[in-house]
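Please examine the sequence and the structure shown below.

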Amino acid sequence: MINETFVASTPTEAYEQAEKKYGNTSELTIVSAKQSKDESGEIRAEVVFAVPKALFMKKSFGKEISSVQHYNEEEMMLDEVTSMRKELEAMRSELTREEAVLQKVKALFLKKGIAPQWLDSVLDPLIGTPLAEDETLLVSYVLEEIDDRITVRDEMVGKPKVIMLVGPTGVGKTTTIAKLAARYAYLLDRPYKVALVNLDSYKVGAVEQLAHYADIMQIEHVSVSAPEDFKTQIAALESYDIVLVDTAGMSPYDTQKFVKTIEFIKSETVRDMEVHLVLAATVKYEDMEDIYKNFSFLNPDAVIVSKFDETKHFGTLLNFMLLYGLPMSYFSVGQEVPDDLLPASKEYLLERFIGDVHEG
Ligand SMILES: Nc1nc2c(ncn2[C@@H]2O[C@H](COP(=O)(O)OP(=O)(O)OP(=O)(O)O)[C@@H](O)[C@H]2O)c(=O)[nH]1
Ligand SMILES: [Mg+2]
């Protein structure tokens with residue numbers, strides 16, 4: 001309750017003032033009433049009413065004090081909740097947009113044959129960055145990452161060496177050996193002295209296939225049937241700049257004998273020996289791991305990509321390079337000996353891959 005004093009010349013007038021203010025006086029209680037004379041002798045009546053606080057606030061200031069407070073608090077809270085909700089919605093829509101862009105780009109590269117683990121390793125750190133909001137930028141970024149991570153091995157013909165080609169059956173090892181022989185012997189800045197060694201003796205017709213190329217090119221050619229003879233043969237070819245060794249194509253399930261042969265040869269050979277794994281560009285995703293398992297014991301120095309002309313899709317091949325980090329040395333781009341061989345080039349491969357990616 002609030003004690004409110006009404007002053008008038010008579011108590012009746014004071015009462016009337018109270019009545020005027022509050023409409024009716026049923027909620028008011030008279031606390032006191034007194035009459036006195038002021039200095040000029042005028043009568044002065046003072047009536048004090050007890051007025052309920054809410055009523056007093058309402059009639060004096062237009063609003064009840066408690067409802068003013070409530071209104072403000074409620075309004076402030078409501079405002080806060082609304083703005084928080086707006087912020088959350090903005091964040092959520094940003095996240096869902098980012099997520100959608102990331103998923104779309106990931107799906108695109110997955111479809112092209114790039115492994116999910118590799119894609120995650122590249123895309124995850126980008127969550128929350130502006131790159132993740134723009135599909136075109138993100139695609140370019142992934143392509144640049146691929147470009148950064150694949151490598152090419154320079155053609156090093158400066159010093160004498162033995163180059164052995166290994167790889168699955170029918171990928172083009174013998175054909176590539178013939179192309180390389182022609183390249184080194186006739187097509188570079190100067191002719192190199194080249195010899196061919198055939199370790200492929202347990203395949204019918206293998207010796208003849210290589211001998212045929214050697215005869216046409218008039219290049220020295222020997223065939224080794226027992227691994228133990230290999231060392232002697234290589235030593236006998238010491239005066240040659242480049243000795244190219246053809247090996248038997250092995251199905252992934254038939255490698256034991258081959259493994260023993262090559263391990264023996266690697267440990268016995270005194271000259272520098274490079275091992276190039278021949279991998280067809282048409283390699284199937286499911287076969288990749290087996291191929292790597294079967295040939296990684298030889299620590300291949302590089303990969304020769306064959307049958308480049310037989311596909312438009314290079315994702316699986318790129319995936320192999322990304323996962324195993326091997327450099328590429330040559331691309332075989334057709335059956336023609338010696339023309340269809342190129343030194344490996346990232347631009348050449350990526351140009352084709354990018355074309356494929358943009359086709360969607
Ligand atoms: N289209 C195309 N065909 C190729 C390429 N390289 C090789 N070939 C063909 O693939 C087939 C097998 O080639 P080879 O060189 O005998 O393969 P290989 O790896 O020596 O085979 P094995 O000794 O049996 O393991 C032949 O018909 C070649 O002409 C290429 O780059 N593109
Ligand atoms: Mg062969």
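The model is a predicted one. The domain assignment divides the protein into domain 1 (2–62), domain 2 (68–149) and domain 3 (161–359). Between the C-alpha centres of domain 1 and domain 2 there is a distance of 68 Å.

Consider next how two helices pack. Two packed helices are described by the angle between their axes and by the distance between those axes. For helix 5 (residues 135–149) and helix 12 (residues 346–359), the angle is about 155 degrees and the axes are 11 Å apart. Because angles over 145 degrees count as roughly antiparallel, helix 5 is roughly antiparallel to helix 12. The crossing of helix 5 with helix 12 is right-handed. On the side of helix 5, the contact is formed by V139, L143 and D147, while helix 12 contributes K346, L350, I354 and V357. An α-helix has 3.6 residues a turn, so residues three or four places apart point the same way.

Eight of its ten residues are buried, so helix 11 is largely enclosed by the rest of the structure. The buried residues are G315, T316, L317, L318, N319, F320, M321 and L322. Just after helix 11 comes G325, whose phi is positive, at about 60 degrees.

Positive phi values also occur in residues other than glycine. One of these is K307, with phi near 55 degrees. K307 is placed in the loop between strand 9 (302–306) and helix 11. Is K307 buried or exposed? A residue is buried if 20 or more other C-beta atoms lie within 10 Å of its own; K307 has 21 C-beta neighbours inside 10 Å and therefore counts as buried.

Q218 likewise has a positive phi, near 55 degrees, and is found in the loop between helix 7 (206–217) and strand 6 (220–223). The cut-off for an exposed residue is 12 or fewer such neighbours. Q218 has 8 C-beta neighbours inside 10 Å, so Q218 counts as exposed.

The bond from V337 to P338 is cis, with omega near 5 degrees. P338 is located in the loop between strand 10 (328–332) and strand 11 (341–343).

How values were computed. Residues numbered from 1 in each chain as written. Chains lettered and ligands numbered in written order. Predicted model: local features only at pLDDT ≥ 70, side-chain atom pairs only at ≥ 80, totals over all residues. Domains from an automatic or database assignment. Axes fitted to C-alpha atoms, helices over the stretch in contact; angles between N-to-C directions. Helix = DSSP H or I, 4+ residues; strand = E, 2+ residues; numbered from the N terminus. Parallel < 35°, antiparallel > 145°, perpendicular 65-115°, else oblique. Left-handed = near helix turned anticlockwise from the far one by under 90°. Contact = placed C-beta atoms within 7 Å.
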